[in-house]
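I opened this entry to record what I looked up in one structure. The notes follow the order in which I went through the elements.

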Amino acid sequence: MKKVLIIEDDKKIAEFEKDYLEANQYEVDICYTGENGIKKADENLYDLIVLDIMLPNMDGFEVCKELIKHHDIPILFVTAKNENLDKIKGLGMGATDYIVKPFEPSELVARVGAHIRRYELLTRSTMKEEDVIIRGDLTIEVKSRKVYIRGKEIFLPNKEFELLHFLASNLNIVFNKQQLLDKIWGENSYVDEATVVVHINRIRDKIEDDSLNPKYIETLWGAGYRFKNY
C-alpha cells in the first residue's frame with residue numbers, strides 16, 4: 001500500500017482528499033501546518049506529498065523548500081489560484097506537479113498514482129551500483145532512502161538512515177561518538193554524545209537479529225563503532 005502525506009490547513013478539504021485516496025487503497029496521513037508536515041515527513045516514509053500552497057505561518061513554497069533538502073519524493077502542489085506565476089514558482093522550486101482547486105476527486109487520485117509510478121520507474125532506471133549497498137541480509141537503497149532486511153522493508157528516520165548509511169559505506173573503520181556527531185549532526189550542533197548511543201541502539205533494534213550481540217554495527221569499548229565487513 002502506497003503512503004501519502006497531505007499538508008492542508010482546511011480540515012474539510014484534507015478529509016475529502018484523504019477519503020478518496022483511502023478509497024483507492026492509499027494509506028494517508030494529514031498535517032494541518034507546514035511545520036508539522038515537515039516533522040511528519042522526517043519521521044515517516046512517504047511515496048508522495050500533497051501540499052497546499054496557502055498555509056498559515058509557513059506557506060507551501062517554504063515547506064517545499066525544506067522538504068526537498070532532505071527528501072527525494074514527488075510533491076503535488078494544491079492551489080486555489082489560477083495565476084501562472086504560482087505554478088511556475090512551485091515547479092521551479094522542485095514540486096513535481098500542481099492541481100488547481102476545485103478539482104474532481106478522480107483527478108487527484110489519477111495525478112497521485114501517475115506521479116508515484118513515474119517516480120518509481122525513474123528511480124529504478126537511474127539506480128547505479130553505488131546507489132545500493134548490500135551487507136549480508138541488509139540492503140540500503142541510497143537514493144530512495146529505503147532499508148531492507150532479508151527483503152522486508154524497515155523504517156529508519158532521517159538521522160538513523162544517515163548514520164547507518166555512513167557506517168555501512170566505511171567498512172571496518174572505527175569512528176568515535178564525536179566523529180559521528182560531527183558527520184551526521186554537524187560540527188556546530190549542540191547534540192550530546194549520548195544521542196549517538198541512542199541512535200545506534202535504535203538501528204540495532206531494527207536490523208539485528210539479536211541487538212545485544214550485533215553482527216553489523218560493532219562496539220569497540222573506549223574507541224567507538226565500526227561496521228563489520230561482509
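Below are my entries, from the whole chain down to single residues.

**Entry 1: the whole chain**

I note at the outset that the model is predicted. I looked up the element count and found 8 helices and 11 strands in the protein chain. I then checked burial: of the 230 residues in the protein chain, 43% are buried. For contacts with a separation of 6 or more, I read that 55% are between residues 24 or more positions apart.

**Entry 2: the parallel sheet**

I asked in what order the strands of the 5-stranded open sheet come. The order is S2-S1-S3-S4-S5, and the pairing is parallel. Strand S2 (27–31) and strand S5 (97–100) are at the edges; each has a single partner strand, so one side of each has no neighbour in the sheet. With direction ignored, neighbouring strands here are turned by 20° against each other on average.

Strand S4 (residues 75–79) and S5 run parallel and are joined by 4 bridges. Within this pair I picked out phenylalanine 77, whose bridge partner in S5 is tyrosine 98.

Next I looked for helices lying across this sheet. Helix H2 (residues 34–43) lies across strand S1 (3–7), S2 and strand S3 (48–52), and runs at about 160° to S1. Helix H3 (residues 60–70) lies across S1, S3 and S4, and its angle to S4 is about 175°.

**Entry 3: lysine 18**

I located lysine 18 in helix H1 (residues 11–23). Is lysine 18 buried or exposed? Its relative accessibility is 19%, and the cut-off for buried is under 20%, so lysine 18 counts as buried. I then listed its contacts, leaving aside neighbours within four places in sequence: they are Ile6, Val28 and Ile30.

**Entry 4: the antiparallel sheet**

I moved on to an open sheet of 4 strands, with order S6-S7-S8-S9 and antiparallel pairing. The edges are strand S6 (132–135) and strand S9 (152–154), each with a single partner strand, so one side of each is left without a neighbour in the sheet. From one strand to the next, the twist averages 25°.

Strand S8 (residues 146–149) pairs with S9 over 3 bridges in the antiparallel sense. For isoleucine 149, I found lysine 152 as the bridge partner in S9. I also recorded that helix H6 (residues 158–168) lies across S6, strand S7 (138–141) and S8, at about 110° to S7.

**Entry 5: H6 against H7**

As a reminder to myself, two packed helices are described by the angle between their axes and the distance between the axes. The axes of H6 and helix H7 (residues 177–185) come within 10 Å and cross at roughly 120°. At that angle H6 and H7 are therefore oblique to each other. The crossing of H6 and H7 is right-handed.

Which residues of H6 and H7 meet? On the H6 side I listed Lys159, Glu162, Leu163, Phe166 and Leu167, and on the H7 side Leu180, Lys183, Ile184 and Trp185. Sorted by class, the contact of H6 with H7 has 6 nonpolar residues, 3 charged residues and no polar ones.

**Entry 6: the S10 and S11 hairpin**

I looked up strand S10 (residues 217–220) and strand S11 (residues 224–227), which run antiparallel and are joined by 4 bridges. Threonine 219 stands opposite tyrosine 225 in S11. The hairpin of S10 and S11 has 3 residues between the strands, and glycine 222 takes a positive phi near 85° there.

**Entry 7: glycine 136**

I then took a C-alpha distance: glycine 136 and asparagine 229 are 93 residues apart along the chain, and their C-alpha atoms are separated by 9.0 Å.

Notes
Residues numbered from 1 in each chain as written. Predicted model: local features only at pLDDT ≥ 70, side-chain atom pairs only at ≥ 80, totals over all residues. Heavy atoms only, no water. Pairing = 2+ DSSP bridges. Helix = DSSP H or I, 4+ residues; strand = E, 2+ residues; numbered from the N terminus. Axes fitted to C-alpha atoms, helices over the stretch in contact; angles between N-to-C directions. Contact = heavy atoms within 4.5 Å. Buried < 20%, exposed > 50% of the residue type's maximum accessible area, 1.4 Å probe, protein only. Parallel < 35°, antiparallel > 145°, perpendicular 65-115°, else oblique. Left-handed = near helix turned anticlockwise from the far one by under 90°. Nonpolar A, V, L, I, M, F, W, Y, C, P; charged D, E, K, R; others polar.
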